[in-house]
Amino acid sequence: MNLEMVMQELEALGKERTKKIYASNGAHEPLFGVATGAMKPIVKKIKINQPLAEELYATGNYDAMYFAGIIADPKAMSESDYDRWMDEAYFYMLSDYVVAVTLSESDIAQEVADKWIASDEELRMSAGWSCYCWLLGNRRDVEFSDRKISNMLDIVKNTIHDAPERTKSAMNNFLYTVGVSYLPLHEKAIETATAVGTVEIKRDKKKTSILNAYENIQKEVDKGKIGFKRKHVRC
């Protein structure tokens, strides 16, 4: 399938209701409003195709950009490729759920995510923290440095309440993910979450969200899900 064929199929799958939901979260035109599950039959036809993924991402169409992340070859992309994708990621559903997810399946994930976390740019920081969430929730604990993750928990504890809104959300999710999926620092994550307390996320034209990593970690403890790992990150 080529670019034109994929765009036609995506457009045919678009729903006005889904389009409105995406728009309410920050997506803007062009977009079709395709539910992610509806993309799976097209994914099966294409599988992995990095050149096509690049063409789709370059359209600026949200649905095409999301689809690009599903068919991209993470290990074929360089740091500059990921930076280029981040430059075009204009809201969190692209930065955290397309670029960060794709990056998490690469061999340079931690290296790139570390730079983004230190960037002082809201969406890059958000994507960096989110990438670690995807990594910790999927890869074996031995692939990470306890000292590094511990230091990151300290950064969350000391800076989360002063961070930009989207970065706050990603940092809170990181805290939750360490508490649930990274056994070596489960106890420290609980201590950190207790110290952090509730986190307020202010959103344009929406009610303020109140996040509480401690409560959410405890829910997973009660379900016996500590140590949970996903088999796959991408769809």
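Predicted model: local features only at pLDDT ≥ 70, side-chain atom pairs only at ≥ 80, totals over all residues.
## Getting our bearings

Axes here are lines fitted to C-alpha atoms, for helices over the stretch in contact, and angles run from 0 to 180 degrees between N-to-C directions.

## Helix 1 against helix 5

Take helix 1 and helix 5: their axes cross at roughly 115° and come within 10 Å. This crossing is right-handed. Helix 1 brings Val6, Met7 and Leu10 to the meeting, and helix 5 brings Asp63, Ala64 and Phe67. Sorted by class, this contact has 5 nonpolar residues, 1 charged and no polar ones.

## Helix 7 against helix 5

Now for helix 7, which covers residues 92-104, while helix 5 covers residues 62-71. The two pack at an angle of about 20°, and their axes are 9 Å apart.

On the helix 5 side you'll find Tyr62, Met65, Tyr66 and Gly69, which meet Met93, Leu94, Tyr97, Val98 and Thr102 in helix 7. By class, that makes 7 nonpolar and 2 polar residues, with no charged ones.

## A helix wrapped up

How many of the residues of helix 5 are buried? It's 10 of the 10, so the helix is largely enclosed by the rest of the structure. Even Asp63 is on the buried list, along with residues including Phe67 and Ile70. The cover includes helix 1, helix 2, helix 3, helix 4, helix 6 and helix 7.

Terms used. Residues numbered from 1 in each chain as written. Heavy atoms only, no water. Helix = DSSP H or I, 4+ residues; strand = E, 2+ residues; numbered from the N terminus. Contact = heavy atoms within 4.5 Å. Nonpolar A, V, L, I, M, F, W, Y, C, P; charged D, E, K, R; others polar. Buried < 20%, exposed > 50% of the residue type's maximum accessible area, 1.4 Å probe, protein only. Left-handed = near helix turned anticlockwise from the far one by under 90°.
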